[in-house]
Amino acid sequence: MVMKEISNRRSVREYRDKAVAEKDIVEIIKAGQFAPTARHNQAVEFVVVKNQKIKDKIFEIVGQEFVKEAPVLIVPVTDKTKTNCSVQDLSVASENMFLQATALGLGTVWKALKTEFAELEEIKKLLGIPEQFTAINIIPLGYPEEKPVPHKVIDFDAGKIHKEKW
Ligand SMILES: Cc1cc2nc3c(=O)[nH]c(=O)nc-3n(C[C@H](O)[C@H](O)[C@H](O)COP(=O)(O)O)c2cc1C
């Protein structure tokens with residue numbers, strides 16, 4: 001049941017020093033590729049970074065210690081010439097990836113790429129991402145060091161449902 005993964009998915013910001021199997025990385029990217037895209041443009045691609053020196057450079061650009069500590073960083077990118085819904089396409093792909101990672105016992109967090117601080121441009125340059133591609137986040141991936149508490153029924157707020165009219 002997907003609600004199990006939805007409840008168990010929490011942001012993980014501490015990772016164990018344990019490699020993630022290549023097949024698990026592929027499964028997570030597959031989940032991202034199977035997400036809906038506007039007009040089925042299928043323009044989302046994925047940059048996978050495991051090299052410590054490159055992760056350190058990414059940390060220098062975007063900050064937050066977990067960026068250099070996570071065994072894997074995945075940067076979902078999309079081709080702006082093939083979609084006018086880049087943010088939406090990348091967001092749904094990211095959530096699919098979060099849920100598949102959770103199902104595999106792996107932790108993730110959404111690390112934002114802030115355009116106002118030129119983070120996106122610096123990351124694109126560092127990773128050689130072609131000009132027409134854009135990204136909104138970096139997805140660190142690894143076995144959780146911390147054990148975040150799952151979302152519970154008590155977190156559900158029925159008061160946010162508006163039936164027929166607000
Ligand atoms: C659009 C967006 C941007 C986020 N940016 C960051 C970020 O840059 N760094 C970070 O540590 N967490 C970031 N988060 C994670 C949120 O802080 C987190 O999802 C929220 O606190 C709820 O906790 P949960 O994910 O454990 O349910 C972001 C989440 C979203 C949806």
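Reader: How do the residues of the shell around the ligand divide into nonpolar, polar and charged?

Author: This is a predicted model. In it the shell divides into four nonpolar, two polar and three charged residues.

Reader: Which residues surround the ligand?

Author: Arg 10, Ser 11 and Arg 13 are there, together with Gln 64, the run Val 109, Trp 110, Lys 111 and Ala 112, and Pro 148.

Reader: Which other residue has a positive phi although it is not a glycine?

Author: Arg 39, with phi at about 55°. Arg 39 lies in the loop between helix 2 and strand 1. It counts as exposed because it has 11 C-beta neighbours inside 10 Å.

Reader: How should I read a helix such as helix 5, and what should it span?

Author: An α-helix has 3.6 residues a turn, so residues three or four places apart point the same way. In helix 5 the buried residues include Ser 86, Asp 89, Leu 90, Ala 93, Ser 94, Met 97 and Phe 98. For length, at 1.5 Å a residue the 18 residues of helix 5 (residues 86–103) should span 26 Å, and the end C-alpha atoms are 26 Å apart, which agrees. Gly 105 follows helix 5 and has a positive phi, near 80°.

Reader: How many residues has the largest nonpolar core, and which have the most contacts inside it?

Author: That core has 35 residues, with Leu 73, Ala 135 and Leu 141 having the most contacts inside it. Among the elements that each supply at least two of its residues are helix 2 (22–33), strand 2 (72–79), helix 5 and strand 6 (137–142). Leaving aside residues up to four places away in sequence, Leu 73 touches Val 49, Lys 55, Ile 58, Val 67, Ile 138 and Pro 140.

Reader: What pattern does the protein chain follow along the sequence?

Author: The pattern is α-α-β-α-α-β-α-β-β-α-β-β, from six helices and six strands. The radius of gyration is 17 Å, close to the 15 Å that the globule rule gives for 166 residues, so the protein chain is as compact as a globular protein of that length.

Methods:
Residues are numbered from 1 along each chain as its sequence is written. This is a predicted model: local features need pLDDT of at least 70, side-chain atom pairs count only at pLDDT 80 or more; totals for chains, interfaces and linings use all residues. A residue is near a molecule or strand if its C-beta atom, placed from the backbone, lies within 6 Å of it. Ala, Val, Leu, Ile, Met, Phe, Trp, Tyr, Cys and Pro count as nonpolar, Asp, Glu, Lys and Arg as charged, and the others, Gly among them, as polar. Helices (H or I, at least four residues) and strands (E, at least two) are DSSP runs, numbered from the N terminus. The expected span of a helix is 1.5 Å times one less than its number of residues. A residue is buried if 20 or more other C-beta atoms lie within 10 Å of its own, exposed if 12 or fewer, and partly exposed in between; C-beta atoms are placed from the backbone. A nonpolar core is a set of buried Ala, Val, Leu, Ile, Met, Phe, Trp, Tyr and Cys residues joined through C-beta atoms within 7 Å. Two residues are in contact if their C-beta atoms, placed from the backbone, lie within 7 Å. The radius of gyration is taken over C-alpha atoms; the globule rule is 2.2 Å times the number of residues to the power 0.38.
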